[in-house]
Every structure is written in C-alpha cells, then in structure tokens.
Amino acid sequence: MTEITLRRPDDWHLHLRDGEMLSAVAPESARHFGRAIIMPNLVPPVVTGAEAAAYRERILAAVPDGVDFTPLMTLYLTEATDPADVVKSKQDGIVTAVKLYPAGATTNSASGVRDFDKVRPVLEAMAEAGIPLCVHGEVVDAEIDIFDREAVFIDRVLDPIRRATPGLKVVMEHITTKDGVDYARSGGDTLGATITTHHLVINRNHILVGGIKPHYYCLPVAKRESHRLALLEAATSGDATFFLGTDSAPHSDPAKESGCGCAGCFTATNTMSILAEVFEAAGALDRLEAFTSLNGPAFYGLAPNDALTTLRKGAPVSYPAKIETGAGPLTVFDPGFPLHWQVL
C-alpha cells in the first residue's frame with residue numbers, strides 16, 4: 001500500500017501554550033488536525049468558562065486564514081472550581097471537558113488537586129451533565145518511584161473516583177503502561193484512553209542511554225520496552241477504547257536543555273507521518289483511521305470530521321529539526337527512523 005485516505009484526524013490532548021509560542025505552534029496542529037482538546041495549564045490556569053472563551057479566541061486568531069481547525073476547550077479543575085460554572089460552560093458550548101491534574105504532577109500543575117474529596121461535588125455535577133473528565137494519571141508522593149506512579153494512581157485515585165461517581169466519563173490521558181492499557185480495557189463505555197505519538201516510539205532507554213536526551217523527556221515519563229509494546233498493541237488493535245492524544249507539548253530549547261529541563265515532546269509537525277510508519281510496521285495501516293479519526297469522536301459523542309486526509313508513501317520526507325518561535329527555538333520530535341509517509 002502506498003496511499004491511504006482517512007477521515008481528517010483529531011488530537012484529543014494538545015498543548016498550545018499562549019502568546020508567542022501559541023502563534024508559532026497553532027499552525028502546526030491546524031495543518032493536519034480538524035479538532036483538538038486544548039489543555040488548560042497556562043499560567044495562570046484556565047479555570048472558568050469566561051477564561052476558556054477568551055483563550056479560544058486567542059487560539060483561533062493564531063490559526064492561519066482558511067484553515068478549518070476547532071479548539072475544544074477544557075477547564076482546569078481546582079479545589080475551588082464552581083460546579084455551576086462548569087455545567088453552564090458546557091451548556092453554552094464553551095468547554096468540552098474538565099482536566100484533572102494532581103498538584104505537582106507535571107508542567108504548570110501547582111494549582112491542581114491535593115484533596116480529591118473537595119472536588120466530589122464538581123465530579124458529581126459533571127457525571128449528571130455528561131461532561132468528560134480528562135485525567136493526568138500519576139500520583140505525586142515522593143516515596144513512589146516515578147516509573148510506578150501511573151499504576152499506583154489507578155489503584156489509589158482513579159478507581160475510587162470512578163466507583164464513587166457512577167456514570168462519570170473519564171479519559172485516561174497519555175497512558176504509558178500495560179497497567180493503564182489493561183485498566184482502560186476493563187472500564188466499559190465510560191472509560192477511554194489516549195496514547196501519544198512519542199510513547200509509541202520511545203522507551204526509557206531513549207532518554208538515558210548514551211547520555212541524557214532532554215527532547216525525549218516527558219511526563220508521564222516513558223517506561224520499559226514491554227510497556228511500549230503494550231501501548232502499540234492497544235493503539236493498533238482497532239479497540240474503540242484507545243485514540244490519539246499527542247500531548248504535543250512545546251518548550252523552547254533553553255527550557256528543555258537546562259539543569260532542570262521541562263517535560264514534553266513537540267510532535268505536532270510530524271505526528272501523522274510517524275503514526276503511518278508505526279502502524280504500517282505493525283501490519284495495521286487499515287486501523288490508523290480508527291485510532292486517529294473515529295474512536296475519539298465516538299467517545300466524546302461527536303461525529304467524525306467530514307473532510308478527508310490522504311497520506312502517500314514515497315521518498316523519505318524531510319521535516320524541520322527546529323521551529324523558530326518568538327519564545328526561542330523549538331525542537332521537533334525525532335522518531336529516530338526515516339519517514340516515508342507524507343500528508344498530501
């Protein structure tokens with residue numbers, strides 16, 4: 001097969017930042033994706049419907065003229081979040097979901113949740129109104145090894161939340177372990193899981209072997225090869241539980257290449273080419289559309305995009321190693337293998 005046509009893909013987990021970085025990276029996602037769930041972890045975070053509406057306008061202003069791209073906004077869940085504002089924001093068409101960050105788990109998560117009992121009224125209101133909860137699934141306890149934080153979160157936090165709030169739709173974002181795959185599969189229609197491009201490609205050796213590779217450092221951190229293979233099997237299986245959320249997370253090179261480097265891989269530019277290579281190698285190119293274009297909309301109760309996207313296989317495709325932004329140079333994720341598939 002040298003050509004494949006699918007419904008225009010969506011990205012169900014995307015960081016666009018703000019200001020000069022937003023202006024630089026929004027066109028990269030809008031080029032290939034019809035919609036994206038936008039992360040709210042700005043500084044300060046997007047916590048109200050009014051703030052989400054204002055952020056949406058800034059994103060749309062950064063999208064090139066004539067490009068069809070719809071940002072699907074989220075609210076940052078805090079212990080002071082007003083359930084009524086969440087419900088009204090959804091009813092008014094401003095927000096699509098709410099994002100849960102355990103406080104201190106990742107970039108700009110200091111305003112996240114410490115006491116999960118304090119957000120139960122919000123979660124109950126969300127369950128009643130059919131508003132999905134997007135979860136960064138890691139505990140932050142200092143005694144828990146960073147490679148075990150996802151599995152422990154499932155047992156200590158996620159499963160109790162779901163048992164206490166029947167009917168709440170939950171997206172396990174950027175799962176990185178076989179534990180995450182297995183739990184997602186057991187959750188029924190109210191549980192979905194996103195998988196990133198980079199977690200299908202790298203394991204923890206890519207970060208550490210032969211010297212520290214800061215542009216492969218992300219949170220949740222990449223795990224053992226056995227976990228990557230479990231993610232690959234899930235993504236290429238066609239199982240409707242799993243869909244693409246790139247977690248494309250831009251940081252300028254100085255912020256990545258420092259004594260305390262930021263977590264995140266910027267994959268918006270070349271994700272579709274990488275995924276086509278990965279799915280072809282797995283003998284699952286016929287399931288790429290389900291992962292990128294069908295499963296996500298189905299979980300969120302939306303129709304697939306009407307527009308079509310065609311990828312063609314040919315000579316190796318060249319992507320820029322870096323993108324210049326007003327916030328500094330930004331390194332594009334390098335999968336470590338040639339890319340032959342190109343979006344036409």
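Strands β10 and β13 run antiparallel and are joined by three bridges. In this pairing, L311 stands opposite V343 of β13. Strands here are DSSP runs of E of at least two residues, and helices are runs of H or I of at least four, numbered from the N terminus. Two strands are taken to pair if DSSP finds at least two bridges between them. The model is a predicted one, in which local features need pLDDT of at least 70 and side-chain atom pairs count only at pLDDT 80 or more, while totals for chains, interfaces and linings use all residues. Residues are numbered from 1 along each chain as its sequence is written, and side-chain values use heavy atoms, with hydrogens and water left out.

On its other pairing, β10 (residues 308-313) meets β1 in the antiparallel sense over five bridges. Together the three strands form an open antiparallel sheet in the order β1-β10-β13. Its edge strands are β1 (3-7) and β13 (341-343), each of which pairs on one side only. From one strand to the next, the twist averages 25°. Helix α10 (residues 271-281) lies across β1, β10 and β13, and runs at about 140° to β13. Such angles run from 0 to 180 degrees between N-to-C directions, with axes as lines fitted to C-alpha atoms, for helices over the stretch in contact.

A second open sheet has eight strands with parallel pairing, in the order β2-β3-β4-β5-β6-β7-β8-β9. Strands β2 (11-14) and β9 (242-244) stand at its edges with a single partner strand each, so one side of each is left without a neighbour in the sheet. Neighbouring strands of this sheet are turned by 30° against each other on average, direction ignored. At one end of the order, β2 pairs with β3 (residues 35-38) in the parallel sense over two bridges, and L14 has I38 of β3 as its bridge partner.

Helix α11 packs on this sheet, touching β2, β3, β5 (95-100), β6 (133-136), β7 (170-173), β8 (191-195) and β9; contact means heavy atoms within 4.5 Å. The direction of α11 makes about 115° with that of β9. Ten of the 13 residues of α11 are buried, that is, under 20% relative accessible area with a 1.4 Å probe and protein chains only (exposed is over 50%, partly exposed in between). Among the buried residues are L288, F291, N295, F299 and Y300.

At 1.5 Å a residue, multiplied by one less than the number of residues, α11 (residues 288-300) should span 18 Å, and its end C-alpha atoms are 19 Å apart, which agrees. After α11 comes G301, whose phi is positive, near 75°.

Turning to the whole chain, there are eleven helices and 13 strands. The radius of gyration is 19 Å, close to the 20 Å that the globule rule gives for 344 residues, so the chain is as compact as a globular protein of that length. This radius is taken over C-alpha atoms, and the rule is 2.2 Å times the number of residues to the power 0.38. Along its principal axes, the C-alpha trace spans about 55 × 45 × 40 Å. Buried residues make up 58% of the 344 residues.
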